[in-house]
Amino acid sequence: MLSCSGSYYYNGLCFLGKKNTRYCGDPRMQCPYCQHLETKVIDKRDAVGRTKRRRECLKCEKRFNTHEAVEEVRLRVIKKDGGREDFDRDKLKRGIEKACEKRPISTERIDKMIITIEDKLRKKGKEVPSTFIGEMVSKELKKVDKVAYIRFASVYRDFTDISDFKNEIKKLVRT
Ligand SMILES: [Zn+2]
């Protein structure tokens, strides 16, 4: 069995242990019939943010279900003016979707980007600057679609004149 603390996972993927490993759960779960501590998992089903396990007690051999839900660690964003707000996954998604509008990018690819970005944010700490989020989004978009990247960068980096914009395009053409 994989070892992961299980304190945080999203869409069934663990973000603390090995990258993208499935959260394994704690095999030591007390039997409700005889209070024995050793049980084995005989079936496991994942739903979004939830895992259901069917267990069998190693002592009395009775079976029972356990439900494990996501315990999300609160993530805060430090805004440019120094104020704090809760990290908003939907807002992140809207920003990325806007940049990807009418581009050949699947919803699955966007979801994957969001998971990757959120993973990086949570690894950075409990509070992350909004500029860091912008950088991470830029980095992911650049890998996926250069047009979407330029769209996002032009808003996020706040290109003040056309020469900034030209320079960014030149850099892209070189890579
Ligand atoms: Zn038992």
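**Two helix pairs in a predicted model**

Let me start with helix H1, residues 89–99, and helix H2, residues 107–124, which pack at an angle of about 130° with their axes 10 Å apart. The crossing in which H1 passes H2 is right-handed.

As for the residues involved, H1 contributes Arg-89, Leu-92, Lys-93, Ile-96 and Glu-97, while H2 contributes Ile-110, Met-113, Ile-114, Ile-117 and Glu-118. Sorted by class, the contact of H1 with H2 holds six nonpolar and four charged residues, and no polar ones.

Now to the second pair, helix H3, residues 130–144, and helix H4, residues 146–156, whose axes come within 7 Å and cross at roughly 160°. That angle lies over the cut-off of 145 degrees, and H3 and H4 are therefore roughly antiparallel to each other. Here H3 passes H4 in a left-handed crossing.

On the H3 side, the residues that meet H4 are Gly-134, Val-137, Ser-138, Leu-141, Lys-142 and Val-144, and on the H4 side their partners are Lys-146, Ala-148, Tyr-149, Phe-152, Ala-153 and Tyr-156. By class, this contact of H3 with H4 is made up of eight nonpolar, two polar and two charged residues.

Definitions and conventions. Residues numbered from 1 in each chain as written. Predicted model: local features only at pLDDT ≥ 70, side-chain atom pairs only at ≥ 80, totals over all residues. Axes fitted to C-alpha atoms, helices over the stretch in contact; angles between N-to-C directions. Helix = DSSP H or I, 4+ residues; strand = E, 2+ residues; numbered from the N terminus. Parallel < 35°, antiparallel > 145°, perpendicular 65-115°, else oblique. Left-handed = near helix turned anticlockwise from the far one by under 90°. Contact = placed C-beta atoms within 7 Å. Nonpolar A, V, L, I, M, F, W, Y, C, P; charged D, E, K, R; others polar.
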